[in-house]
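The following exercises are to be worked with the sequence and the structure side by side. Each task is followed by its solution in steps.

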Amino acid sequence: MSSFQTHISPLLFLDLSLLTMLVLVAFAMLRSRQLFAVVMLSGIYSLLSAAFFVSLDAVDVAFTEAAVGAGVSTVLMLGGMLLTARREKPVTPGRAPVALAVVLATGAALIYATIDMPAFGDPHSPANSSIGQMYVDETPNDIAVPNIVTAVLASYRGFDTLGETMVIFTAGVAVILLLGIGSVRGGRRIADRDEDE
Amino acid sequence: MERLILKVTTKILFAPIILFALYVQFHGDYGPGGGFQAGVIFAVAFILHAFCFGLDETKKALPQKALIVAMVIGLMFYAGTGVATMLLGGNLLGYDAIDPASTHHAGQHYGILLVEWGVGVTVASTMLTIFYHFTGREPDIDQEDW
């Protein structure tokens, strides 16, 4: 184990306050039964995560989170919400001791596992030392692109990104097949039958 | 006229949003951004248009059939770049085969630009397709229905 100590800086408190707000928003989403509020809170959650990523210097991830998470998915969730009820069905409160025990045990195990993790910002941690450092060292020689994230995404791991693009394409095709044109009813708008008919 | 301020603002904002999407698309080598983010921003411009003028007006400007073609073209553009590098004698997506004589990896720059363009086209058209299909199923709702 290296003897690296996390540097206590004011930015660390910003990180901690952002993480606290994330937890609070998550609890608010759990408690709310109004779907419109839940959708808006999920947008706020994405925006807070984006701010957290900026604070960690991961601007590419933050950009994606702000555009996709806070922007488009909120809009798509609103569109999906219009197709269903505005309010979640009330849940009858009950006790589930087995589920509670499983959740508590898993949570305790996860927290116990964090003790072994490298300290925050440790330059000798596995993520920073081996392959990450290799990308930083070799990108100017191999790719000659200033943004290392783009070099990894589009060139070193171009095949992965081809797969990701295919996943997005598949999602679009699935939505077209489920909701869209080319159905037996010829893409015409027909009111869905009521359940009691 | 209904919602005049929103309509005027949308008209003013539409072109800068598209311009910003293109900036993010082509500046991905140098700063944060790339095809995924640019595609989403491009789609957001049309989603804003649909919110303000109604989905039918947006479908006149950018029909669903064109989006399906764009989805396929974007993916084939990416895969086609990989096949092209193979035909030029390199590995799949080994962009150095595009310009092997270059001393500053010009082939890598061309290759990254090409595949990012494919990603951007696919993401923008897929996001708009999903948006069209989700919001196109219900007629416009009243203000009170929220």
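**Exercise 1: a helix residue and its surroundings**

A:Thr161 counts as buried because its relative accessibility is 3%, where buried means under 20% relative accessible area, exposed over 50% and partly exposed in between (1.4 Å probe, protein chains only). The model is a predicted one: local features need pLDDT of at least 70, side-chain atom pairs count only at pLDDT 80 or more, and totals for chains, interfaces and linings use all residues. Residues are numbered from 1 along each chain as its sequence is written, chains are lettered from A and ligands numbered from 1 in the order in which they are written, and side-chain values use heavy atoms, with hydrogens and water left out.

Task: find the helix that holds A:Thr161 and list the residues that A:Thr161 touches.

Solution. 
1. The helix is α8 of chain A, residues 158-179; helices (H or I, at least four residues) and strands (E, at least two) are DSSP runs, numbered from the N terminus.
2. Leaving aside residues up to four places away in sequence, A:Thr161 touches A:Leu153, B:Phe36, B:Tyr78 and B:Val119, contact meaning heavy atoms within 4.5 Å.
3. A:Met166 is also placed in helix α8 of chain A, but A:Met166 counts as partly exposed because its relative accessibility is 39%.

**Exercise 2: the interface**

Task: describe what is buried between chain B and chain A.

Solution. 
1. Count the residues: 49 of chain B are in contact with 47 of chain A.
2. The size of an interface is often given as the accessible area lost when the parts come together.
3. That area is about 4,300 Å² here, with 75% given by carbon and sulfur atoms; buried area is the accessible area (1.4 Å probe) that two parts lose on being put together, summed over both.

**Exercise 3: aromatic pairs**

Task: state how many aromatic pairs there are over all chains, and describe the pair of B:Phe42 and B:Phe46.

Solution. 
4. B:Phe42 is partly exposed because its relative accessibility is 27%, whereas B:Phe46 is buried at 11%.
5. A:Phe63, B:Phe20 and B:Tyr23 make up one aromatic cluster.

**Exercise 4: chain A as a whole**

Task: summarise the secondary structure of chain A and its share of buried residues.

Solution. 
1. Chain A has 8 helices and 0 strands.
2. Of its 197 residues, 27% are buried.
3. Among contacts in chain A with a separation of 6 or more, 53% join residues 24 or more positions apart.

Notes:
Rings of Phe, Tyr and Trp (its six-membered ring) pair if their centres lie within 6.5 Å; planes under 30 degrees apart count as stacked, over 60 as edge-to-face and the rest as tilted.
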